[in-house]
Amino acid sequence: MQGTVYKSTGSWYTVKDEDGVFQNCRIKGKFRLQGIKSTNPVAVGDRVRFSLETIGDETVGNIEEIEPRKNYIVRKSVNLSKQTHIIAANIDQVFLLVTLENPRTYPAFIDRFLATAEAYAIPCVLLFNKIDVTGDAMEAEVDRMYRLYSDIGYTCLRISARTGERVEEVRQLMEGKTSLFAGHSGVGKSTLVNTIEPGLELRTSEISEQHRQGQHTTTFAEMYDLSFGAQIIDTPGIKGFGLVDMEPGEIGDYFPEFFELKAQCKFNNCLHLDEPSCAIKDAVGEGRIPQSRYRSYVQMVTGEEDTYRQDPFQEA
């Protein structure tokens with residue numbers, strides 16, 4: 001039988017078969033994907049082949065094969081830094097929710113997420129949420145960030161998940177696609193999904209002191225069918241977004257404004273750090289590339305892993 005994984009709880013998987021029936025499945029025996037050191041070999045969004053067996057009064061499925069993935073997006077495992085955790089697979093687009101306070105989303109996190117999405121060829125839309133509670137100073141900051149990422153070429157929307165402002169535009173972008181919602185805990189992912197599809201009634205949570213301190217509690221992604229011909233994958237709050245399987249020399253290719261200029265660098269293997277006649281550094285100096293983007297790039301190339309909540313929007 002064939003189906004799509006809708007939920008993972010670590011050892012059991014909810015799989016929707018071709019008849020629309022949800023089956024409770026597990027992995028039988030050792031199951032590893034070639035070339036991927038992952039803590040979870042099967043992820044939400046995977047298309048799998050499985051068989052059913054009856055054990056007593058219960059029918060369970062055994063996942064036997066994962067069909068080739070169109071793409072997937074990963075983060076570093078929480079406890080095993082040398083391994084990855086696959087957040088979801090076979091995604092058409094990802095919506096990154098951004099808030100500038102309660103909680104604050106810093107450029108280093110946004111840029112790291114965007115680069116990872118670029119690396120896995122997943123289009124990304126930035127949603128600047130909670131505009132209904134933004135004061136004048138923060139509104140100016142949102143405007144600046146909105147222009148920055150729009151100029152690079154990313155689709156950006158200012159929304160309020162709580163009041164529904166411009167949520168219909170998000171809904172239109174989702175039609176006929178599988179979308180992943182991501183962002184820090186407390187940015188309003190579940191509130192937005194509930195506004196888009198009220199019948200889902202996803203659990204929302206208040207921002208806690210634990211979240212402010214950046215602690216990570218392990219929860220799992222889940223996919224939902226929506227009434228207007230779309231699927232969404234709701235993810236747990238992502239505190240950090242470690243780079244996986246990226247060599248320093250390729251990271252610049254996942255910054256679109258860098259990629260456009262790199263052919264003008266004197267050296268074809270330029271890392272845009274200390275090399276002479278570097279088109280990227282020249283563009284930064286002239287203000288054509290924002291300082292915040294260049295700082296994020298340098299942090300990623302040099303392996304500064306714990307910088308997600310540093311460097312607020314100075315010189316952005």
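Helices H3 and H4 are roughly perpendicular to each other, a label given to angles of 65 to 115 degrees. In this predicted model, H3 spans residues 167–174 and H4 spans residues 189–196, and the two pack at an angle of about 80° with their axes 10 Å apart. The axes are lines fitted to C-alpha atoms over the stretch in contact, and angles run from 0 to 180 degrees between N-to-C directions.

On the H3 side, Val167, Val170, Arg171 and Met174 meet Leu192, Thr195 and Ile196 of H4, where contact means heavy atoms within 4.5 Å. By class, this contact has five nonpolar residues, one polar and one charged; Val, Leu, Ile and Met are among those that count as nonpolar, and Arg is among the charged.

## Surroundings of Ile27

Ile27 lies in strand S3, which covers residues 22–27. Leaving aside residues up to four places away in sequence, Ile27 touches Ser11, Tyr13, Pro41, Val42 and Ile63. Phe50 is 23 residues from Ile27 in sequence, with 9.2 Å between their C-alpha atoms.

## Overall architecture

The protein has nine helices and 13 strands, assigned as DSSP runs (helices H or I, at least four residues; strands E, at least two) numbered from the N terminus. Of its 316 residues, 50% count as buried, that is, under 20% relative accessible area with a 1.4 Å probe, protein chains only.

Among contacts with a separation of 6 or more, 65% join residues 24 or more positions apart. The accessible surface comes to about 15200 Å², and carbon and sulfur atoms hold 44% of that area, by the Shrake-Rupley method with a 1.4 Å probe.

## Basis of the values

Residues are numbered from 1 along each chain as its sequence is written, and side-chain values use heavy atoms, leaving out hydrogens and water. Local features need pLDDT of at least 70 and side-chain atom pairs count only at pLDDT 80 or more, whereas totals for chains, interfaces and linings use all residues.

Note on methods: Parallel < 35°, antiparallel > 145°, perpendicular 65-115°, else oblique.
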